[in-house]
Amino acid sequence: MNRGPIRALAAALVVAVAVVLSACASIPDAGPVRPGGTVAQVDDPLDLDFNPSKPEKGASQQRIVQGFIDAASSPKNNFQIAREYLTTAMAASWNPDESVTVDDGRNRTYDHDGDQWSVDVDPVASVDSVGTYHPATTKAPIGLRYELVKQDGEWRIAVAPNGVVIDDPTFRAVYTQQTLYFYSPDFSYLVPDARWFPARVATSATRVASAVLSGPAKWLSGAVSSAFPEGTQLAVPSVTTAGGVAQVDLSSEAGRADTVQLQRMQLQLEQSLGSLAQSVQLSIEGNVEQISPLSSGAAPQQDPSVDSHPIVYRGDSFGLLTGSSVASLSGLGERVVALQPTAVALDAARDQAAVLSAGGVYLVRRSGDTVRVDARPGLIPPTIDNSGWVLSVPADAPAALQATGTNGEAHAVATDWPTAVDIRSLAVSRDGTRIVALLQTSTGYSLVASGIVRGSGGVPTSLTQPVELAVASGTPLSVAWTGELSVALLTSTTGDATSIVEQTIGGEQTVTTGPGGGRTIVGANGLARYLVLTADGSLQAPTGTGWQAQTDKVGAVAVQLGQP
């Protein structure tokens, strides 16, 4: 997939939003009218500054607290203006990078008891110390506490929580999503890891490179690999860019890498810094490394796509839907049809399929016998990875997830879903490194993403501690991967109406209206990122502002992994 146009479009959109919002993000709500600062002319569109007001002479305690929160929207010069609202000691110890609390900006409440101030905000999301974005899972307000004292005759904040508070629109302009990349354990795929950093070119490249060297986000730890030798850091705590080339100087630990490892290291940084630089020049303790690209045979896949034609079970055929006809998958289609499936998941090569039918879950192979891999009652639609491991689980026993290979031997997969009482949908990412699960708890529904930890022979052994994703109101029905970082959740709302929440894992979300009677969602390619199968067997695709039937009388639509 060509990522250049996508990155260019994303950068353009960031600039458009930032330019509109920068006019209002630093306007104070009290005090004299003052001319705004001159906007610096810069070459990089992400090098945008907010210019909040400095503390006013004689400002009240509330104005100091409000001004500090507003000023923390500007990371310029290590949050220099925000630190002016703090006492000298607090300014030295305050850590703005510990977290970001994103709120709606409209319902902040201020209260105080003498010199002790409390501020309650309604959270939209948070960003942790490594830049991972977490949508708010509760609407409960977050309380912040401040303590003020007089310093040189002016009120200043002596106690403040680490991190910053910023309203959602301003956050979108001041911070930007950067996609870091790691590898699947066998180095066959590049695996994305979304992070959010202040959108300043002077520091963004350094932050991204440092984050790559620090390793993947917690929810991916153990499921992905890094090409860098353990302990590798930046030899010089700054990554500079000139002429589109990022200069990255690594510590001596990087010297342990062989030729292929160096090639993988360079590719990992090039992809991670792709929105900030065109290429990367690696050096180790100041010595420039001459590194050739990986050969085409050794290069990993990135963001594998699925076939633009849906694969369906319809009538007496299982295969590619072209117009109104179904072209059977030779050697596989007949075997799938014989099981009269209600759900099917295909590996990338279309050599193997995980099939749910009345008799349980089966592994169907183009070459080899069909094997029943799970006969437990109440199974949900299974999923399969590109090595042929079938993951299956009963709806009422979410902790009983198992992986079964071609020999029919089942292996328990340890999960970290302590509050789950039911599981409704499960999907493996197209690179086989991650999984999303739609769970029901005693208090509602939960959508989570985890990394897949593998043991000897690549068998899935456990899932990492999950990261929570957003769930809209209604009854969630089905989840699917729509891209390397994006998933879509189909939800039943009122009557037969449905909605679809598509979201980036670690990023933004959009909500659209789904088709009436929708029951199953699968990822797609081409004009539509997903397709929905309705209860009456109609396969629907989004078209403009509505939905269009692709065919009818569909018994199952297959989940596809990325094509090899």
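**Entry 1**

I started at R350, which is buried, with a relative accessible area of 16%. Here buried means under 20% relative accessible area, exposed means over 50%, and partly exposed lies in between (1.4 Å probe, protein chains only). R350 has a positive phi of about 60°, although it is not a glycine. I found R350 in the loop between β19 (343-346) and β20 (352-357). Strands, I noted, are DSSP runs of E with at least two residues, while helices are runs of H or I with at least four, and both are numbered from the N terminus.

Before going on, I wrote down that this is a predicted model, in which local features need pLDDT of at least 70, side-chain atom pairs count only at pLDDT 80 or more, and totals for chains, interfaces and linings use all residues. Residues are numbered from 1 along each chain as its sequence is written, and side-chain values use heavy atoms, with hydrogens and water left out.

Next I looked at D152: is D152 buried or exposed? D152 is exposed, with a relative accessible area of 77%. Its phi is near 55°, a positive value in a residue other than glycine. D152 sits in the loop between β6 and β7.

**Entry 1: the whole chain**

Along the principal axes, the C-alpha atoms fill a box of roughly 85 × 60 × 40 Å.

Buried residues make up 51% of the 564 residues. I also checked contacts (heavy atoms within 4.5 Å). Of those with a separation of 6 or more, 54% come from residues 24 or more positions apart.

How many residues of α2 are buried? Nine of its 11 residues are, and the helix is mostly covered. Among the buried ones I listed I64, V65, F68 and I69. The cover over the buried residues of α2 includes α3, β2 (109-113), β3 (116-121), β6 (142-151), β7 (154-159) and β8.

In helix α3 (residues 76-83), the buried residues are F79, I81, A82 and R83. They pack against α2 (61-71), α4 (88-93), β8 (164-167) and β9 (175-183).

**Entry 2: S486**

My next stop was S486, in strand β33 (residues 486-492). S486 is buried, with a relative accessible area of 15%. Which residues does S486 contact, leaving aside its neighbours within four places in sequence? They are A480, W481, E502, Q503 and T504. I also compared S486 with R424: the two are 62 residues apart in sequence and 19 Å apart in space, C-alpha to C-alpha.

**Entry 3: an annotated span**

Last, I looked up the UniProt record, an unreviewed entry, whose annotation "domain: GerMN" covers residues 205-293. UniProt positions are given in the numbering used here, feature names are shortened, and annotations may be inferred rather than shown by experiment. In the model, the end C-alpha atoms of residues 205-293 lie 21 Å apart. This span is 27% helix and 19% strand.
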